[in-house]
Amino acid sequence: MSLTQAAMGESVLVVRVSADGSIRRRLQDLGITTGAELTPLSFAEGNMIVRVHDARIAVNDELARTITVTKRPAFAL
């Protein structure tokens, strides 16, 4: 599923980033890479706020659709 389909407040893992060139590098600089944990915090007016590590980052809808995520697996203790 794309990042736009993730539930608000639910942690997800990045599976793939389909953006190209400088946009992909910028996302990598911000910590949005394969395996990174993201938490969507809010969505308004075409922008999504996500938590990446200890930062909050705004991602527009078009860019969020290039980020493929999966639900974070729940591990039994």
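This is a predicted model: local features need pLDDT of at least 70, side-chain atom pairs count only at pLDDT 80 or more; totals for chains, interfaces and linings use all residues.
Q: Is Ile 49 buried, partly exposed or exposed?

A: We compare relative accessible area: buried means under 20%, exposed over 50%, and partly exposed in between (1.4 Å probe, protein chains only). Ile 49 counts as partly exposed because its relative accessibility is 28%. You will find Ile 49 in strand β3. Its C-alpha atom lies 8.7 Å from that of Asn 60, a residue 11 places away along the chain.

Q: How many helices and strands does the protein have?

A: Both come from DSSP runs, numbered from the N terminus: helices are H or I runs of at least four residues, and strands are E runs of at least two. The protein has 2 helices and 5 strands, and along the sequence they follow the pattern β-α-β-β-β-α-β. The radius of gyration is 12 Å, close to the 11 Å that the globule rule gives for 77 residues, so the protein is as compact as a globular protein of that length. That radius is taken over C-alpha atoms, and the globule rule is 2.2 Å times the number of residues to the power 0.38. The C-alpha trace spans about 40 × 25 × 25 Å along its principal axes, and 30% of the 77 residues count as buried.

Q: In what order do the strands of the sheet lie?

A: Strands of a sheet pair through backbone hydrogen bonds, either parallel or antiparallel. Two strands count as paired if DSSP finds at least two bridges between them. In this model the 5 strands form an open sheet in the order β4-β3-β2-β1-β5, with antiparallel pairing. β4 (55–60) and β5 (67–71) are the edge strands, each pairing on one side only. From one strand to the next, the twist averages 45°; axes are lines fitted to C-alpha atoms, for helices over the stretch in contact, and angles run from 0 to 180 degrees between N-to-C directions.

Q: How many bridges join β3 to β4, and which residue stands opposite Asn 47?

A: Strand β3 (residues 47–52) is joined to β4 by 6 bridges, and the two run antiparallel. Opposite Asn 47 stands Asn 60 in β4. Elsewhere in the sheet, β1 and β5 pair in the antiparallel sense over 5 bridges, with Val 69 in β5 as the bridge partner of Val 14. β1 is joined to β2 (residues 37–44) by 2 bridges, again antiparallel, and Leu 38 in β2 is the bridge partner of Val 12.

Q: What does the side chain of Ser 11 make a polar contact with?

A: A polar contact is a pair of N or O atoms within 3.5 Å; within protein, one must be able to donate a hydrogen and the other to accept it, and residues adjacent in sequence count only if both atoms are side-chain atoms. Ser 11 sits in the segment before β1 (12–17). Its side chain makes a polar contact of 3.1 Å with the side chain of Thr 39, and another of 3.1 Å with the side chain of Glu 37.

Q: Which residue of the hairpin of β3 and β4 takes a positive phi?

A: That hairpin has 2 residues between its strands, and His 53 takes a positive phi near 55° there. His 53 is not a glycine, and it counts as exposed because its relative accessibility is 59%. Glu 45, in the loop between β2 and β3, is not a glycine either and has a positive phi of about 50°. Glu 45 counts as exposed because its relative accessibility is 83%.

Technical notes: Residues are numbered from 1 along each chain as its sequence is written. Side-chain values use heavy atoms; hydrogens and water are left out.
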